[in-house]
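This report is meant for a reader new to the structure below. Please look at the sequence and the model before reading on.

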Amino acid sequence: AARIIQNMDPTADPCKDFYQYACGGWLNRHIIPETSSRYSIFDILRDELEIILKGVLETSDQGDRQAFQKAKILYKSCMNESLIEQRDSLPLLEALTMVGDWPVASADWNKTKEPNWSMEEKLSIMNSRFNKRVLIDMFVWNDDRDSSRHIIYIDQPSLGMPSRDYYFNGGNYQRVREAYLQFMISIAKMIREDKNMSKDDSFVQEEMAKVMELETEIAN
């Protein structure tokens with residue numbers, strides 16, 4: 001109750017400006033940081049929690065239960081920037097190999113990979129190994145008709161961009177769409193370079209345009 005009163009502005013007339021009356025105290029005491037588009041009590045709690053978690057993850061893992069040890073190992077691996085720089089794109093190339101390689105970054109994918117390539121198998125690997133749902137989203141959740149049991153749900157996954165508006169609307173959406181396509185092209189070129197493949201910008205642009213066309217059809 002005290003926090004709610006503190007975030008109000010009782011000097012404002014609620015009949016004239018209810019927003020100032022209800023939130024004026026918060027507005028006077030908080031400024032939205034340049035790195036954020038909003039600033040609420042939940043954002044403050046998240047920032048405080050991250051500080052606490054950082055302290056916990058940086059403590060010794062001796063005597064910890066296995067789940068805590070795994071969390072600390074993951075945190076340390078993310079903070080080990082020198083090793084990350086040393087490994088460069090190797091983890092990404094290994095991941096691509098696991099999911100059947102990438103035609104745009106392969107010299108003869110149609111001949112060497114496609115004959116034995118199975119969409120069902122690769123989708124399951126993406127889901128189980130990388131927690132990435134493509135084309136089909138599948139997960140286990142409470143049964144809406146019987147809360148005492150769990151069932152398998154099949155749904156549509158999220159798109160590459162936040163919503164279908166990004167694929168069809170103009171203005172800022174179009175600028176994001178163009179940047180998104182250019183990002184895909186840049187990544188494909190980088191991977192081809194890391195795999196010592198010949199430079200073929202026109203081929204890469206054509207392939208990524210096909211990817212964009214497919215995503216647009218899915219969004220539609």
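Which elements each supply at least two residues of the nonpolar patch? They are β1 (137-143), β2 (146-155) and α11.

## Basis of the model

This is a predicted model, in which local features need pLDDT of at least 70, side-chain atom pairs count only at pLDDT 80 or more, and totals for chains, interfaces and linings use all residues. Residues are numbered from 1 along each chain as its sequence is written, and side-chain values use heavy atoms, with hydrogens and water left out.

Helices (H or I, at least four residues) and strands (E, at least two) are DSSP runs, numbered from the N terminus.

## Annotated domain

The unreviewed UniProt entry carries the annotation "domain: Peptidase M13 N-terminal" for residues 14-220. UniProt positions follow the numbering used here, feature names are shortened, and annotations may be inferred rather than shown by experiment. Residues 14-220 are 58% helix and 8% strand, and the end C-alpha atoms of the span are 45 Å apart.

## Nonpolar patch

The surface patch has about 1000 Å² of accessible area together, and its members include Trp117, Val140, Ile152 and Leu214. Patches are made of residues with over 30% relative accessible area and no salt bridge; like charges are joined within 9 Å, and nonpolar side chains (Val, Leu, Ile, Met, Phe, Trp, Tyr) within 5 Å. Accessible areas come from the Shrake-Rupley method with a 1.4 Å probe, and for residues only the protein chains shown count as cover.

Trp117 sits in the loop between α7 (109-112) and α8 (119-130). Its relative accessibility is 33%, so Trp117 counts as partly exposed. Buried means under 20% relative accessible area, exposed over 50%, and partly exposed in between (1.4 Å probe, protein chains only).

## Salt bridges

Side chains of opposite charge can pair when their charged atoms come close. A salt bridge is a side-chain nitrogen of Lys or Arg within 4 Å of a carboxyl oxygen of Asp or Glu. The structure holds ten salt bridges.

In one of them, the closest N and O atoms of Asp43 and Arg46 are 3.1 Å apart. Both residues belong to helix α3 (residues 41-57), three residues apart, about one turn of the helix. Asp43 is buried at 5% relative accessibility, while Arg46 is partly exposed at 41%. A network of salt bridges links Arg38, Asp43, Arg46 and Asp47.

Lys72 and Asp64 also form a salt bridge, at 2.5 Å from N to O. Lys72 is buried, at 4% relative accessible area, and Asp64 is partly exposed, at 22% relative accessibility.
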